[in-house]
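Dear colleague,

I am handing over the structure we spoke about, and below it you will find what turned up when I went through it. Please read the notes with the structure open beside them.

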Amino acid sequence: MSTGLDLLKDQTASRSSQLSYRHLVAEIDQPIQHVISLGPRCTNTSSVYKAQRCYAGPFDWIFSSPVMVLDCLRDDFASFLDQAAYYEVTRSFDAIGLSPGSAPRERVLVGHRRYSEMTEGVGRGVIFNHHNPLEDEGHLYLSRCVQRFRLALASDDAKLFTVINIDWKLWNPEALRTVFGELVASCHGKFLLLALNCVKHQGQSAAAREPMELERLQRGAGLLQVLEAACVGDNSGSYFKDSFDASRVQALMVEPFRFALAADPLKSQPANVGDVVRVGQVPTAAVAGSGVLASIPESARGRGRRWGSAETGQVACDGHDASEPTRRWGKRSPKEPGVSETLTLRGGRQLPRLGLGTWQATGGECLQAVHLALASGCRLIDTAAAYKNEEDVGKALRTVPRDQVCLVTKLQTRDHGAEMVLPALRTSLKRLGLDFVDVYLMHSPRGGHVLETWDAMCCARDLGLAKAVGVSNFGVRQLEGLAAAGRELPEVNQIELHPWLQQRATTAWCAERGVTVMAY
């Protein structure tokens with residue numbers, strides 16, 4: 001005998017096979033080439049878009065919030081990629097994300113010192129629970145996800161940004177509008193930000209309740225649509241447990257669109273754990289000349305331009321003749337800097353535009369790399385107390401007159417403080433065999449006591465121990481902190497800067513205030 005509940009289940013199953021919401025979902029008049037999830041939980045986007053995904057994005061398998069997404073967009077993922085900011089919350093043994101029947105495996109649940117506070121309790125401070133960014137392999141995975149996101153954002157391809165299973169404590173309508181506004185400002189090409197609020201545990205009666213549109217907003221080439229749908233049951237964050245719910249979400253989020261998916265932009269670039277770069281560390285100096293620093297001229301500091309624009313000139317320094325470098329990105333600029341070119345710091349000192357970074361190079365490798373760089377005409381050598389190679393760099397520098405080379409070194413975070421700076425700098429000078437350094441940088445703001453440390457560095461310059469002082473790995477917030485305290489601004493800010501990490505906000509801030517950006 002059929003019960004009323006059985007009949008309702010049969011009706012639900014029948015309706016799930018004929019769901020169509022093309023009349024409800026906003027149209028986009030060209031095929032979607034990129035599907036990008038913004039969260040907010042371990043996203044079910046990967047299961048909803050099984051056939052419509054070619055690559056992972058930075059917010060896949062992550063607990064996120066609109067505040068976090070906005071922060072990532074505004075600082076170009078600098079904090080997101082800072083491996084030092086991640087920490088282990090706990091460990092668990094489970095089979096989440098594995099095939100049914102799989103044996104449990106250990107997972108490291110990872111938080112972020114900045115972003116865990118932005119999730120307001122959702123996920124209990126856990127940001128990552130699948131890929132572990134504390135390990136180089138996991139951090140490389142994260143870096144490549146960010147690279148893909150940037151490339152998609154900069155392209156003219158049509159894009160679909162999704163937010164599924166909204167937690168209204170975080171992803172409220174006002175927050176969605178703010179994220180939408182930031183995407184309008186930073187995204188090229190047409191896009192739709194489609195957000196679906198799934199009201200869970202509504203039972204079989206959910207099938208009789210039609211999805212509804214809560215908001216639609218058009219601005220420029222961007223469109224925001226917020227939908228709400230009742231769900232029969234729960235969802236795990238990565239899939240919907242009831243077949244009707246899964247079918248309804250597919251009908252709302254997939255079937256109304258045409259897809260012509262772009263290939264993974266990094267498919268031809270093999271992942272290499274050695275490529276991982278952490279905040280505060282300069283890439284390895286290879287003998288052939290990779291790991292080169294570029295003191296970026298004002299004309300090449302981004303100012304919001306995208307890759308491939310007529311004004312963008314990128315330099316690839318891989319040991320090729322500087323007069324005809326290999327170009328990997330963008331178009332040829334009218335003039336590309338060579339090793340003999342200089343720029344003028346705010347204090348009047350000349351700084352070569354290209355230089356050699358020496359992170360991880362020690363002993364014979366360091367000596368050979370610096371010797372070859374100097375023999376090639378390079379006159380800017382970058383080291384740091386934390387690299388533990390100042391003595392090796394100093395030995396190599398003795399092959400050229402002192403006034404023909406510019407030496408940059410950095411203060412370790414453990415030596416922050418008013419009474420620590422001068423002894424630390426004198427120790428570096430002793431290792432280098434020099435009476436002064438040309439540029440002395442605060443390696444990172446993470447050592448704390450930034451104001452008193454900066455005051456002591458300026459004092460060291462006034463004493464003649466450094467010709468110019470600056471900072472490294474400072475973002476807009478840290479720089480504005482110095483300005484707000486009435487301190488002299490640094491002459492140099494050395495930051496990770498390349499096509500995959502453009503840091504437009506930081507470079508623009510520096511350009512407007514006469515702070516030279518040195519890129520690693």
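Leaving aside its neighbours within four places in sequence, His34 is in contact (heavy atoms within 4.5 Å) with Tyr55, Ala152, Ser155, Asp157, Ala158, Lys159, Leu160 and Ala262. Before I go further, please note that this is a predicted model, in which local features need pLDDT of at least 70 and side-chain atom pairs count only at pLDDT 80 or more, while totals for chains, interfaces and linings use all residues. Residues are numbered from 1 along each chain as its sequence is written, and side-chain values use heavy atoms, with hydrogens and water left out.

To stay with His34, this residue belongs to strand β1, residues 34–39; helices (H or I, at least four residues) and strands (E, at least two) are DSSP runs, numbered from the N terminus. His34 counts as buried because its relative accessibility is 6%, where buried means under 20% relative accessible area, exposed over 50%, and partly exposed in between, with a 1.4 Å probe and protein chains only. One of its contacts is polar, since the side chain of His34 meets the side chain of Asp157 at 2.9 Å; a polar contact is a pair of N or O atoms within 3.5 Å, of which, within protein, one must be able to donate a hydrogen and the other to accept it, and residues adjacent in sequence count only if both atoms are side-chain atoms.

Strands β2 (residues 86–94) and β3 pair in the antiparallel sense over 8 bridges, pairing being called if DSSP finds at least two bridges between two strands. Within this pairing Tyr87 stands opposite Gly111 in β3, and strand β3, which spans residues 105–112, is mostly covered, with 6 of its 8 residues buried. In the loop between α3 (66–74) and β2 lies Asp82, which is buried at a relative accessible area of 0%; its C-alpha atom is separated by 10.0 Å from that of Ser143, which is 61 residues away along the chain.

Turning to charged pairs, the count comes to 18 salt bridges, a salt bridge being a side-chain nitrogen of Lys or Arg within 4 Å of a carboxyl oxygen of Asp or Glu. Asp76 forms a salt bridge with Arg150, with the closest N and O atoms 3.3 Å apart. This pair links distant parts of the chain, as Asp76 sits in the loop between α3 and β2 and Arg150 in helix α4 (residues 136–154), 74 residues apart, and both Asp76 and Arg150 are buried.

A further salt bridge joins the side chains of Arg461 and Glu488 at 2.6 Å, N to O. Arg461 lies in helix α10 (residues 450–462) and Glu488 in the loop between α11 (476–484) and β16 (492–495), so the pair ties together parts that are 27 residues apart in sequence. Arg461 is buried at 18% relative accessible area, whereas Glu488 is partly exposed at 35%. The side chains of Arg513 and Glu512 also meet in a salt bridge, at 3.3 Å from N to O; here Arg513 is partly exposed at 35% and Glu512 is exposed at 59%. Finally, Asp71, Arg114 and Arg477 are linked in a network of salt bridges.

With kind regards
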